[in-house]
Amino acid sequence: MEFWLDLNDEQRELQQWVHGFADGVIRPAASEWDEREETPWPILQEAAKIGLYGFEFLINAWSDPTGLSLPLVNEELFWGDGGIGMALGGTALSVAAIYGSGTPEQMVEWVPQCFGDEASPQVGAFCSTEPSAGSDVASMRTRAVYDEAADEWVISGQKAYATNGGIANVHVVTASVDPSLGSRGQAAFVVPPGTPGLVSPKKLKKLGLRASHTADVFLDDVRVPGRCLLGGKHALDERLARAREGKRATSQAAMRTFELSRPAVGAQAIGIARAAYEYALEYAKNRVQFGRPIIENQAIAFALADMRMEIDAARLLVWRAAWMGRNEKTFGAGEGSMSKLKAGEVAVAVTEKAIQILGGAGYLREHPVERMFRDAKIYTIFEGTSEIQRLVIARAISGMQIR
């Protein structure tokens, strides 16, 4: 069978289309929205108008049997700007949760509501992390109790660092239904728009990705209909019964979502890294010191060579994981975690090196590399820290429960 890495015509057209939007709409507004630290609703609306933000676009991108369309889109959006890219892409995490755990009927009902429409774009939020349960998903304290008489679930707890938390039209919340089973006793629930009891006091101030809304979410006896349990009550009861009998179970709701999303998150990091590399490359060609462009110095040229090599290597890991995920291949060596780990660490290293190449100018807000550096750092932290990714990979390759 022939092996190739060329994109097909449809993928190239998609890449160029998204790149055009990133170049013409996102980049000119990046500094403003970073300073404002607000969700860029006008840009979401522009994206919705041209069909770049919405349920139909996501379905079309996901239907690519190679799995590459979504990473291509993410790389270009985040090449435009990390914060605005996350404002556009943050909803995908709630969609991944619904897709990963929900029934076809739940997907049809809830995914379009995550996006809204052209006239009134909306966002979705996936709420999993808690103050005492970040990497340690099994320590989740948010509880969901079934009220059989009303066919409702009653959810109480606190979620931390939720992208779009509080401003989302649809919140997807993970909760423990049987704490004695640890992570195997957890499930995911949709909290419909306007449900009483879900509150978010304020937007959190962040180092980077400032145009993306991040907040804590509090749930005080939030009651949702039985149909809001992703996957349904029958499937949950069967899963809990297997767990109580000590039988092997599939991964819990939160981890299923992260497994699906890690290559896409890696592509976001690559977009930020590529933007910083390209800016530093052009700067090095034009910045003259001691009578010649600084790129003629080996120290600068070799640094840029390493930056490009690492970006390309990370992209190949992302593309492999995206293809494997789309075609339901098992991540036998933690390939999904490899892609996110490598891309995140490359983004931090490349953006830091870009600042160094620009020297004092790189430290100024006049140049975008300082913003890219701030945006990049989160990619070694959220959706599984670099340490957790290494743990996943180590467990996968060793077959042992390494701690």
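## L230, tucked into a loop

In this predicted model, L230 is buried, with a relative accessible area of 7%. To find L230, look in the loop between β7 and α8 (233-244).

What does L230 touch, once its neighbours within four places in sequence are set aside? Its contacts are A97, I98, S101, G102, Q106, V172, A188 and V190. Another residue to look for is V173: it sits 57 residues from L230 along the chain, and the C-alpha atoms of the two are 10.0 Å apart.

Now for another loop residue. S212 belongs to the loop between β6 (198-199) and β7 (214-225). Is S212 buried or exposed? S212 is buried, and its relative accessible area is 1%. Neighbours within four places in sequence aside, S212 makes contact with G83, M86, A87, T163, K203 and K206.

Among those partners, G83, M86 and A87 are also among the buried residues of α5. Helix α5 covers residues 82-89, and eight of its eight residues are buried, so the rest of the structure largely encloses this helix. Going along α5, the buried residues are G82, G83, I84, G85, M86, A87, L88 and G89. At the N-terminal end of α5 you'll find a cap, D81: one of its side-chain oxygens is 3.2 Å from the backbone nitrogen of G83.

## How α1 and α2 pair up

Helix α1 (residues 9-36) and helix α2 (residues 41-49) have axes that come within 11 Å and cross at roughly 170°. With angles over 145 degrees counting as roughly antiparallel, α1 is therefore roughly antiparallel to α2.

Which residues make this contact? From α1 come F21, V25, I26, A29 and W33, while α2 brings P42, I43, E46 and A47. Sorted by class, the contact of α1 with α2 has eight nonpolar residues, no polar ones and one charged.

## How α11 and α13 pair up

The crossing of α11 past α13 is left-handed.

On the α11 side, the contact involves S337, M338, K340, L341 and E345, which meet S386, Q389, R390, V392 and I393 in α13. What classes do the residues of this contact fall into? In the contact of α11 with α13, four are nonpolar, three polar and three charged.

Technical notes: Residues numbered from 1 in each chain as written. Predicted model: local features only at pLDDT ≥ 70, side-chain atom pairs only at ≥ 80, totals over all residues. Heavy atoms only, no water. Left-handed = near helix turned anticlockwise from the far one by under 90°. Helix = DSSP H or I, 4+ residues; strand = E, 2+ residues; numbered from the N terminus. Contact = heavy atoms within 4.5 Å. Nonpolar A, V, L, I, M, F, W, Y, C, P; charged D, E, K, R; others polar. Buried < 20%, exposed > 50% of the residue type's maximum accessible area, 1.4 Å probe, protein only. Polar contact = N/O pair within 3.5 Å; in protein donor to acceptor, adjacent residues only side chain to side chain. Axes fitted to C-alpha atoms, helices over the stretch in contact; angles between N-to-C directions. Parallel < 35°, antiparallel > 145°, perpendicular 65-115°, else oblique.
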